[in-house]
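Subject: Handover of a structure, with notes

Dear colleague,

I am passing on the structure below, together with an account of what was found in it. Please read the notes with the coordinates open beside you.

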Amino acid sequence: MISIIKKPNTNEEIFSKLNPITSKWFKQKFGSFTDAQRYAILNIEKRENIFITSPTGSGKTLSAFSAILDHLITLSGKNKLENKVYAIYISPLKALTRDIEINLTGPLQEMEKIAGKEFGINLGVRTGDTTQYERQKMLKKPPHILITTPESLALMLSSMKFKELLRGAGWAILDEIHALAENKRGVHLSLSLERLQDISPKMARIGLSATVEPIEDLAHYLVGHGRICKVAQVKFAKKFDLQVISPLPDLIDATYGQMQRAQYKKLHELIDTHKTTLIFTNTRAGTERVVHDLKEMYPSKYIENIGAHHGSLSKRHRVNIETKLKEGKLKTVVCSTSLELGIDIGYIDLVICLGSPKSVARLLQRSGRSGHALHETVKARIVVLDRDDLVECSVLLKNSLARKIDTLHIPTNCLDVLAQQIYGLAVADRWNIKDIYALIKKSYCYQNLAYGDFLEIINYLAGNYGELEERYVFGKIWYDEETGEISKRGSQGRLIYMTNIGTIPDQTGVLVKTGDVAVGTLDENFLERIKKGDIFILGGSTYQFQFSRGMVAQVKAVPGKQPTVPSWYSEMLPLSYDLACSIQLFRRNIEDHFVNKKSKNETLDYIHEYLSVDENACKAIYNYFREQYLYVGLPHNQKMLVEFYQDDTINKKYVVFHSLYGRRVNDVLSRAIGYIIAKLQKRDVEIGIGDNGFYVASEKNIQVLRALEILKKEELGKIMKVAIEKTEVLKRRFRHCAGRALMILRQYKGQKKTVGKQQVSSMILMKAVKRISDDFCILKEARREVLEDLMDIENATKIVKKLKNGSIEVKQVHTTVPSPFALKLVTQGYTDILQMEDKVAFIRRMHKNVLAKIGKKHRLEE
Amino acid sequence: MQLPKHFKIIDLALQYKDTLIIGDLQLGYETELHKQGVLIPSFQLKDILKRLNNIFEQTTAKRIVINGDIKHQFGSISEQEWREILQLFDYLFTKVREIILVKGNHDLTLRPIAKKRNIEIQDSYKIDEVTILHGHKLPKETTKTLVIGHEHPAISFPKRPSEKYKCFLVGKWKKSTLFILPSFNPLTEGSDVLQENFLSPFLQENINNFEVYIVEGKKPLHFGKIKTIKKL
């Protein structure tokens, strides 16, 4: 069903097929077609589904639109242009929609000049910003090309009048598929496309994407289940100049201060020798810190010409930075990840990644932000911060140059999104549920949806949960079990749907105040992690956390103090599984050198050749690996090191699992093993999770081998279902899912609900929902989201299998000082506590501790 | 430290001689949630009745004082509140001879429901030298012992920061002994007393020396003073 186009069309073939006006315009403007255009134009003209992957700046917009413009111009020439939508363009970014409109208006005007007359082709943008007046105008005079977002598309499909405009559309264009398919917005869109296809059976789908893997799955996602799709893989035409840079030759002996100074010196050097530099820091806190520190260290160099850009900053600030960047008014912009995607940001000649970008796709995407013109060189530097970073980024660089793109995970069978879309269908029409089921199953994301799950969602929407007398409150749709028909219910139904649609959870920013003065906002996830007295960075300053009430956190400014907690845990990008495996392989190759007693120089040469990094980097990697090898041995893809480390100064035992599989996999492994251990010893255990491994810590002796035996025997999914049951993350994700399934409404009866209210209710919500059923469909979805999307149970299962069949060997070692590879993990602190004792047992034990402390005095008082 | 004479903790209730005292039921919370668009089923009353039943198995108290905030909403009375509060009264009358309602800050419009069952609403209730009052306002005169609600005290432990435990606090206010009742509402745990962020005018002073009694399981457990737990 998916076929890769081997040969693109020739310029001549395309010119001969196009309308003379379009042809002439292309000849005058460009002379020839780009690769992407040669693959795309004629296939689109023939109304075939096509999935185009190409690097940024390869003329994608015109690849997708040329054939459509050509078709419309021909119709216009014959006076056959009708009052309807011919093509729908969908972009995940609202900001991009205006760009597309401008990028199409220009060529159209130039072609009109060639033709010597106006075509009467209308373009229209419909997003959340479109006013009621504009929408009304659109209904009277429909745009021939409609530019929109996934959310607005869903709204239009549920509006009687707009739906009629969309009927019989010829093309749907999905832009930036790589950014959509990996999250629930993409899942949501896949269903909207089926709804669109249902009213436009002949519609062809055009997908545009950065280079992705697995390409067949993505093409399949684009067209849905059982349809044909052609795939055009446009090669990188640009030259790549990528390097890993270590600010100091020796990353281990430098003090924190030396490292910081060297890092900023390097940054400044790079910025100073380029025209415009874009820096990625991975986190919002990192962005703030870099801007602050650069200004402080080079006060005369960075004044008005540096800008910060991240998701917590106001929209106005971000747009201002983007505009200045485009106008060339900034020397450097520092961002978290927020400028990876999106609108054209003008001339950038250098991209710097401060710390690992964590995946090949991400590095290529970021690098592509420089040298935006087609044949320019892409230039990016990764500045590494420690030895793990150095190894990771060097392998990342190697994979990037070899274009080994990481596998993208597409969520499937999301029941919350399904509920929202079925509600949308019922709002617009009367349906038989059998037809709905058939429609849904055409989406790639739901092709394996079980009928039972589907029915549960229908019943949920019909309000069939809770006490009978309350069901009128819960019911969203009318459902006749006899006939299997559903339709809208009550007068509020449409309004509730229209005002609560979408898949992106509300920003749950907690307002941070010193006294009555607001100093910024913090992520709610972060707030859950910090305790009274913890010191953290916000907006470049240090604060000490006092307490929080509702959605306000009270803090005290403590200038110059060292932060006691790492910032923005939840934001940490996970290392991609494929890249992790490559690093493991590299470790094994080095172990071979050590085991076979290859000389130091021979090994250094090998590292240099394998990773193409400079001499200092080679030495640093060599030393790092050598130390680990001599101390306890090297863990790698066939050997999982399990390190028992006991610090005699504290009453705590650690077991470090050197499982370099990325934190999404380690999240699963650590919780499963931690849970089993906690159950064995009937005690809570602490776990710490990183990309390179995880640890389990406890006051008691940890029975690792028994735990591993149990892990191998039991079904991972079953263990994990219980292991995540009490976690904060499940509660939080449940609230998000309940929001998407419209069990919690953002807007209801004219009131916009504050996020604070939602937060207060998230625990209560969990309690209430478990009363309905332990397997209530939305709760089930939250568990699925945590295990499959947030974590990676699929690959974790593969690892367990390998442990079982012996292709990964477990080696136990004992240390009193953590091994070099374990050091970072042990010092980073815990990620979570797995609760095993029940509430009563826990409280009794705490009580004993109290009695032990106050015993004597206590008795005296009595 | 032992509780003052004649006082006893039974689950989330405090007993003084033959009077049982509970606080902050906040019935009707779910309707409020529904209004805000949180569409979860109600189960609060069911849980409250179950818990009360357990308490009545351990006591022969003849009188119950509901120490404020029996209902959740400040304003009008919702349908759920009407229904559930009357159900609660009817249940209680099968167990005790007298119900006394002490007015809380949420109970501005309680009178019509109370009237249905001929129950008086009072600003505070006095037995011997014990005054029972909600605690959102200071009393005009004090007695040897005061019992308030309003604060919903609960506590969390550094070893398990994600969980909170309802607790009684007992300490000194001016020259009186002050009891603070945990909330009887099964939906919420309460506010963490270690965060020291109190609303009540009774708790504006340092409460480090207040004694903590946690109720989880059958018997209340004495945890010593707040300052001891802080060091745990």
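The centres of domain 1 and domain 6 of chain A, taken over C-alpha atoms, are 43 Å apart. Please keep in mind throughout that this is a predicted model. Chain A as a whole is divided into domain 1 (2-233), domain 2 (239-401), domain 3 (415-500), domain 4 (509-568), domain 5 (577-631) and domain 6 (639-842).

I turn next to the strands of chain A. In strand β11 (residues 306-309) of chain A, A:Ile306 and A:Ala308 point one way while A:Gly307 and A:His309 point the other way, and all of them are buried. This strand, β11(A), runs parallel to strand β12 (residues 332-335) of chain A, to which four bridges join it, and within that pairing A:Ala308 stands opposite A:Val334.

A separate open sheet of chain A has three strands in the order β15-β17-β16, with antiparallel pairing; its edge strands, each of which pairs on one side only, are β15 (431-432) and β16 (477-480) of chain A. Between β16(A) and strand β17 (residues 485-488) of chain A there are four bridges in the antiparallel sense, and A:Trp478 has A:Ser487 of β17(A) as its bridge partner. Helix α17 (residues 415-428) of chain A lies across β15, β16 and β17 of chain A, and runs at about 80 degrees to β17(A).

That helix, α17 of chain A, also holds A:Asp416. A:Asp416 counts as buried because it has 29 C-beta neighbours inside 10 Å, where 20 or more are needed. Leaving out residues up to four places away in sequence, A:Asp416 touches A:Cys737, A:Arg740, A:Ala741, A:Ile778 and A:Glu781. By contrast, A:Asp416 and A:Thr211, which are 205 residues apart in sequence, lie 29 Å apart in space, C-alpha to C-alpha.

As for helix packing, helix α16 (residues 387-401) of chain A and helix α25 (residues 615-631) of chain A pack at an angle of about 115 degrees, their axes being 10 Å apart, and the crossing of α16(A) and α25(A) is left-handed. The residues that make this contact are A:Arg387, A:Leu390, A:Val391 and A:Ser394 from α16(A), and A:Ala617, A:Ala620, A:Ile621 and A:Tyr624 from α25(A); by class, they divide into six nonpolar, one polar and one charged.

The contact between the two chains takes 41 residues from chain A and 32 residues from chain B. On the side of chain B that touches chain A, the elements that give two or more residues are α1 (29-35), β11 (160-173) and β15 (220-225) of chain B, and the largest share, five residues, comes from β11(B). By class, that side of chain B has 15 nonpolar, 12 polar and five charged residues.

One of those elements, β15(B), is mostly covered, in that five of its six residues are buried. Strand β14 (residues 211-215) of chain B is joined to β15(B) by four bridges and the two run antiparallel, with B:Pro220 in β15(B) as the bridge partner of B:Val215. β14(B) and β15(B) form a hairpin with four residues between them, and B:Gly217 in the turn has a positive phi of about 90 degrees.

Helix α5 (residues 226-230) of chain B contains B:Ile229, which is buried, since 23 other C-beta atoms lie within 10 Å. Apart from its neighbours within four places in sequence, B:Ile229 is in contact with B:Ile155, B:Leu194, B:Val212 and B:Phe223. The C-alpha atoms of B:Ile229 and B:Leu194 are separated by 8.6 Å, although the two residues are 35 residues apart along the chain.

Most residues other than glycine have a negative phi, and most peptide bonds are trans. The peptide bond from A:Glu213 to A:Pro214 is cis, with omega near -10 degrees, and A:Pro214 is placed in the loop between β7 (204-209) and α11 (215-223) of chain A. A:Lys682, which is not a glycine, has a positive phi of about 50 degrees; it lies in the loop between α26 (663-681) and β25 (685-689) of chain A, and is exposed, with 11 other C-beta atoms within 10 Å. B:His152 likewise has a positive phi, near 50 degrees, and lies in the loop between β9 (145-148) and β10 (153-157) of chain B, but B:His152 counts as buried, with 24 C-beta neighbours inside 10 Å.

With best regards

Technical notes:
Residues numbered from 1 in each chain as written. Chains lettered and ligands numbered in written order. Predicted model: local features only at pLDDT ≥ 70, side-chain atom pairs only at ≥ 80, totals over all residues. Contact = placed C-beta atoms within 7 Å. Nonpolar A, V, L, I, M, F, W, Y, C, P; charged D, E, K, R; others polar. Buried ≥ 20, exposed ≤ 12 C-beta atoms within 10 Å, placed from the backbone. Pairing = 2+ DSSP bridges. Domains from an automatic or database assignment. Axes fitted to C-alpha atoms, helices over the stretch in contact; angles between N-to-C directions. Left-handed = near helix turned anticlockwise from the far one by under 90°.
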